[in-house]
Each structure stands twice: as C-alpha cells, then as structure tokens.
Amino acid sequence: MPCEEAVELATHAVEADIAGDVAKAIEFYTRAADALDRAASVTPAEAAEMRGKSSEYRNRAGVLQGKLQASQLEAMAQSAQMAQQGAQLAGQTNAAVKTAGGYGTVAGAAAVGAVAGAVVLGPMTAVVAAGGAAYATTRKDTVGDVARQTGQAAAATATAAKKFNDEHNITGKLYDATAAAANKAKEVNTKYNITGKLTAGATSAYQKASEFDKKNNVSGKVGSSISSGLTAFTSAMGGAPAKKKDLPSVPP
C-alpha cells in the first residue's frame with residue numbers, strides 16, 4: 001500500500017490507543033483516515049482496500065470518542081462532589097479556627113511543630129508534626145490549651161521579628177550589599193572586557209576548525225566512511241533493505 005503518510009499516522013494512533021492516550025489516538029486515527037481517503041481518490045487500484053482501512057480507523061475513533069466523553073462526564077461529577085465536600089470542610093475549618101483563637105495561633109503552633117519535627121526526625125516528620133500541632137489548637141482540652149499558648153507565643157515572636165527587621169532594615173541592607181557586589185563584578189568585566197575576550201577566543205577557534213573542515217572535507221569523509229561501513233556490515237550480516245510497512249489494525 002503506497003500511502004506512507006497514512007501508515008505513519010495509523011501507527012501513532014494504535015500506539016496511543018494501546019497506551020491509553022485516548023485524545024491523541026482519536027486525532028491520529030482521524031488524520032490517518034483522511035490521508036487514506038485522499039490516496040484512494042488518486043489510486044483506483046487500491047481504493048477499496050484504503051477505504052476499508054479508513055472506515056476501520058473512523059469507527060475506532062468514534063468508539064474512543066464515546067469513552068472520552070464518558071470519562072469527562074465522570075470527572076465533572078467528581079469535581080462537583082469535591083467542591084461540595086470542600087464547602088463542608090471550609091465550614092468545619094472556620095469553626096475549628098474560631099475555637100483555636102484565630103489563624104495566627106494555628107499557624108504559630110504549626111511552625112513550632114514543624115521545627116521540632118525536623119530537628120528530631122527529619123522533613124517528613126516535620127510535615128506531620130506541623131499538621132498535628134495545628135490540629136491540637138482546635139481541641140477543647142488541656143492539650144488544646146497548651147497548643148494554643150504555644151501558637152500564640154510563636155505568632156508573637158514572628159511579629160516581633162518583623163518589627164525588628166522593619167526598624168533596622170536588615171533585609172534591605174542585605175539586598176544593597178548583594179547589588180553592590182554585582183555592580184563591582186560588572187565594573188571589572190567592563191574594564192577588562194573579560195566576557196568579550198572569552199567570546200572572541202571561542203569564535204576564533206570555531207572559525208579555524210570550520211576552515212580546516214572545509215579545506216580537508218573532514219566531516220564529509222567521516223560521514224561517507226560511516227555510511228559505507230554500515231552498508232557493508234548490513235550486507236555481511238545478510239541484511240536486506242527494510243520492507244514497506246503495512247497499515248496496522250486497531251486494538252481489539
């Protein structure tokens with residue numbers, strides 16, 4: 001069958017179909033069918049076979065389209081259910097945060113728990129510890145009282161740290177120092193043209209290599225030798241030219 005375009009498209013379609021990539025498979029099946037229809041109109045001798053495969057690909061695309069729509073509807077239903085559950089959880093969360101004494105207390109307790117967990121048993125434990133500490137602030141017992149006091153203290157410490165930074169402009173001064181160092185490096189480069197010299201050296205080396213290659217045809221000779229060697233090896237091993245691929249069938 002002479003339609004190489006259709007063979008390539010159909011092969012991609014079957015591969016995507018087997019891999020479960022439904023949308024991609026639909027696209028390639030449709031394009032393969034279109035290519036076969038075009039080829040059939042100019043190749044009367046094989047038109048019947050081509051139109052038969054075209055019909056096979058279009059039918060498979062239709063089946064996959066139905067599956068795709070069903071999965072999309074299912075995803076939409078799940079999204080709606082998750083949104084409803086999220087709304088319920090939000091209401092429960094607001095009530096719990098109110099019990100804890102506000103978001104600042106919850107965040108403070110979580111931060112303390114995270115640091116303690118990281119010091120003792122590492123990052124993963126830090127995540128769990130942070131979540132546990134945050135949850136503890138919502139409890140209405142002695143554990144909850146301790147967690148809320150810890151959270152409030154941590155929140156107060158964070159506020160004090162921000163106030164100290166605002167008064168002394170620590171982060172601003174760090175930025176200025178970094179900028180000054182970058183400017184100095186740029187000044188040195190401008191004065192001595194370091195990047196320019198490096199670029200010129202690299203360009204000169206490339207030009208010399210290119211001139212040598214043109215003069216001696218190095219790449220041409222290497223390419224020819226490789227090609228000849230591969231051909232001889234294939235012949236010696238009893239190999240033969242690759243056969244034309246046939247149009248693949250759709251999966252069952």
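Reader: Which helix has the lowest mean pLDDT among the elements of the protein chain, and which the highest?

Author: This is a predicted model, and pLDDT is the predictor's confidence in each residue. Among the elements of the protein chain, helix α9 (residues 218-236) has the lowest mean pLDDT, 49, while α1 has the highest, 96. Over residues 219-228 pLDDT stays under 50, and for this stretch the model has 2 contacts beyond four places in sequence.

Reader: How should a region of low pLDDT be read?

Author: Where pLDDT is low, the predicted coordinates should not be read in detail. For the protein chain the mean pLDDT is 74, and 54% of its residues reach 70 or more.

Reader: How many helices and how many strands does the protein chain have?

Author: The count is 9 helices and 0 strands. From the N terminus on, the order of elements is α-α-α-α-α-α-α-α-α.

Reader: What share of the contacts in the protein chain joins residues at least 24 apart?

Author: For contacts between residues at least 6 apart in sequence, 61% join residues at least 24 apart. Gln-152 and Gly-102 are 50 residues apart along the chain, yet their C-alpha atoms are separated by 9.4 Å. Gln-152 belongs to helix α6 (residues 142-168) and is partly exposed, at 44% relative accessible area.

Reader: How many of the residues are buried, as a percentage of the protein chain?

Author: A residue counts as buried under 20% relative accessible area. Of the 252 residues in the protein chain, 21% are buried. The chain exposes about 17400 Å², and carbon and sulfur atoms supply 62% of this area.

Reader: Which residues have the most contacts inside the largest nonpolar core?

Author: That core has 25 residues, and those with the most contacts inside it are Cys-3, Ala-6, Tyr-29, Leu-36, Met-50, Tyr-57 and Leu-247. Helices α1 (4-19), α2 (22-42) and α3 (47-100) each supply at least two residues of the core. Its largest share, 10 residues, comes from α2.

Reader: What span should α2 have, and how far apart are its end C-alpha atoms?

Author: The 21 residues of α2, at 1.5 Å a residue, should span 30 Å. The end C-alpha atoms of α2 are 31 Å apart, which agrees with that expectation.

Reader: Is Asp-17 buried or exposed?

Author: Asp-17, in helix α1, is buried, because its relative accessible area is 12% and the cut-off for a buried residue is under 20%. Apart from neighbours within four places in sequence, Asp-17 is in contact with Ala-25, Tyr-29, Arg-60, Leu-64 and Pro-251.

Reader: How many salt bridges are there?

Author: To call a salt bridge, one looks for a side-chain nitrogen of Lys or Arg within 4 Å of a carboxyl oxygen of Asp or Glu. By this rule there are 6 salt bridges. One of them joins Glu-27 to Arg-31, with the closest N and O atoms 3.5 Å apart. Glu-27 and Arg-31 are 4 residues apart in helix α2, so about one helical turn separates them. Glu-27 is partly exposed at 41% relative accessibility, and Arg-31 is likewise partly exposed at 39%.

Reader: Which residues are linked in a network of salt bridges?

Author: The network links Asp-34, Asp-37 and Arg-58. The side chains of Arg-58 and Asp-34 meet at 2.6 Å, N to O. Arg-58 lies in helix α3 and Asp-34 in helix α2, so this pair ties together parts that are 24 residues apart in sequence. The side chains of Arg-58 and Asp-37 meet at 2.8 Å, N to O. Asp-37 also lies in helix α2, so its bridge to Arg-58 in helix α3 ties together parts that are 21 residues apart in sequence. Arg-58 is partly exposed, at 34% relative accessibility. Asp-34 is partly exposed at 30%, and Asp-37 is partly exposed at 30%.

Terms used
Residues numbered from 1 in each chain as written. Predicted model: local features only at pLDDT ≥ 70, side-chain atom pairs only at ≥ 80, totals over all residues. Heavy atoms only, no water. Core = buried A, V, L, I, M, F, W, Y, C linked by side-chain atoms within 4.5 Å. Buried < 20%, exposed > 50% of the residue type's maximum accessible area, 1.4 Å probe, protein only. Expected span 1.5 Å × (residues − 1). pLDDT = per-residue confidence, 0-100. Contact = heavy atoms within 4.5 Å. Areas by Shrake-Rupley, 256 points an atom, 1.4 Å probe, with all protein chains shown as cover.
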